[in-house]
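Me: I have a model open on my screen and would like to understand the words used to describe it. Could you take me through them?

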Amino acid sequence: MATAILPLVGAKATERRADPVSSQADESAVPGIDVSRPHPARTYNYALGGKDHFAVDRALMDKMLAVTPAIRTMARENRAFLGRAVRYLAGEAGVRQFLDIGTGLPSAGNVHEVAQAVAPTARVVYADNDPLVLAHARALLTSGPEGRTAYLHGDLRDPLAILNDPATRSLLDFTQPIALILVAVLHFIADEDKPGDIVATALDALPPGSYLLASHSTGEHDRAGGASAMRAYRDQGVTFQLRDSDEFARLAFAGLDLIPPGVVSVSEWRPNGTGPRPSLAEVSFYGGVARKP
Ligand SMILES: C[S@@+](CC[C@H](N)C(=O)[O-])C[C@H]1O[C@@H](n2cnc3c(N)ncnc32)[C@H](O)[C@@H]1O
């Protein structure tokens, strides 16, 4: 069995059908990784209890945790929401194709694992702009034999480059519904980069019956904690923009049919069981799923 990442078409894309290799990239050997500045994929990985982060990422997250200890809860609740929503899309909604932009570092419950557990033929295209995610992409490419996955290095601020990439076009059938996943990524898009236009451009390219699954960090229930997290990110040169639920709903879901329960705290989106859930302030993440009419 080959273990190298397979170039598909063009230099940016990788594709794998069924090759369960582990992700043990030598980070120091990967060009383009800036270890002097924190990066969202790595700080999030640290908050989730992962192992793929550098000192600078830990320093930033520790600073934020000192003010807002609930950040780990936020990351975990967001990730659990992603899993429940993908399960819904692959199951009840019958979606077989996914485009996950802002994938993050491979973690428990990657989108293809969740989707293919429900629908083994599910296809997933992943895209992220962090070179470290690219270095670990093999772990995102361990598709089951009936489905397929691809990874491409791309930036959400140029959605058409991702949508028109040969890897995307060869894996996804644009005559059939596609679920666009923008989970915990839109808050890294500044207002001046027009996140609403970015989402609209991406959704325009998808056929009717497609879905958007999105989540977004908010300061609505903890203004002081939110402001401090935003400052900490920005002091390190990372764009970070908290938004209230109405702003998020407007920029992400305008013109779409929201699936019940609508835009809610991620913990409240079709939770498993009836056990106690963290408070709105502890979660500080909104999420929703909507269908393109
Ligand atoms: C907090 S992680 C979320 C990972 C995953 N979606 C989840 O919710 O578990 C945010 C990811 O978005 C990526 N990201 C940030 N800005 C981006 C951009 N402009 N284009 C593509 N990816 C971006 C980061 O590199 C990081 O991997």
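Predicted model: local features only at pLDDT ≥ 70, side-chain atom pairs only at ≥ 80, totals over all residues.

Me: What makes α1 "largely enclosed"?

Reply: A residue is called buried when 20 or more other C-beta atoms lie within 10 Å of its own. Eight of the eight residues of α1 are buried, so the rest of the structure largely encloses this helix. They are P40, A41, R42, T43, Y44, N45, Y46 and A47.

Me: What do the buried residues of α1 pack against?

Reply: Their partners are α2 (55-67), α3, β3 (123-128) and α5 (131-135). After α1 comes G49, which has a positive phi, near 90°.

Me: Which residues is A190 in contact with, leaving aside its neighbours within four places in sequence?

Reply: A190 is in contact with T239 and Q241. A190 and L242 are 52 residues apart in sequence, while their C-alpha atoms are 9.6 Å apart in space.

Me: Why do you say that the buried residues of α8 line one face of the helix?

Reply: The buried residues of α8 are P195, I198, V199, A202 and L203. Looking down the axis of α8, these fall within an arc of 125°, so they line one face. The general rule behind such patterns is that an α-helix has 3.6 residues a turn, so residues three or four places apart point the same way. The face of α8 turned away from its buried side carries the exposed residues D197 and D204.

Me: What does the buried side of α8 pack against?

Reply: The buried residues of α8 pack against α6 (159-163), β5 (179-183), β6 (211-217) and α10. As for α10 (residues 245-253), its axis is 7 Å from that of α8 (residues 195-204), and the two helices pack at an angle of about 35°. P195, G196 and V199 in α8 meet R250, L251 and A252 in α10. By class, this contact has four nonpolar residues, one polar and one charged.

Me: What makes the largest nonpolar core a core, and which residues have the most contacts inside it?

Reply: A nonpolar core joins buried residues of the listed nonpolar types through C-beta atoms within 7 Å. The largest one here has 82 residues, and those with the most contacts inside it are V125, L180, I181, L182, L212 and L213. Helix α3 (residues 71-90) gives this core its largest share, nine residues. Leaving aside neighbours within four places in sequence, L213 is in contact with A85, L89, A179, I181, V183 and V289.

Me: And how many helices and strands are there in the chain?

Reply: The chain has 11 helices and nine strands. Buried residues make up 50% of its 293 residues. Among contacts between residues at least 6 apart in sequence, 76% join residues at least 24 apart.

Key:
Residues numbered from 1 in each chain as written. Helix = DSSP H or I, 4+ residues; strand = E, 2+ residues; numbered from the N terminus. Buried ≥ 20, exposed ≤ 12 C-beta atoms within 10 Å, placed from the backbone. Contact = placed C-beta atoms within 7 Å. Axes fitted to C-alpha atoms, helices over the stretch in contact; angles between N-to-C directions. Nonpolar A, V, L, I, M, F, W, Y, C, P; charged D, E, K, R; others polar. Arc of directions from axis to C-beta.
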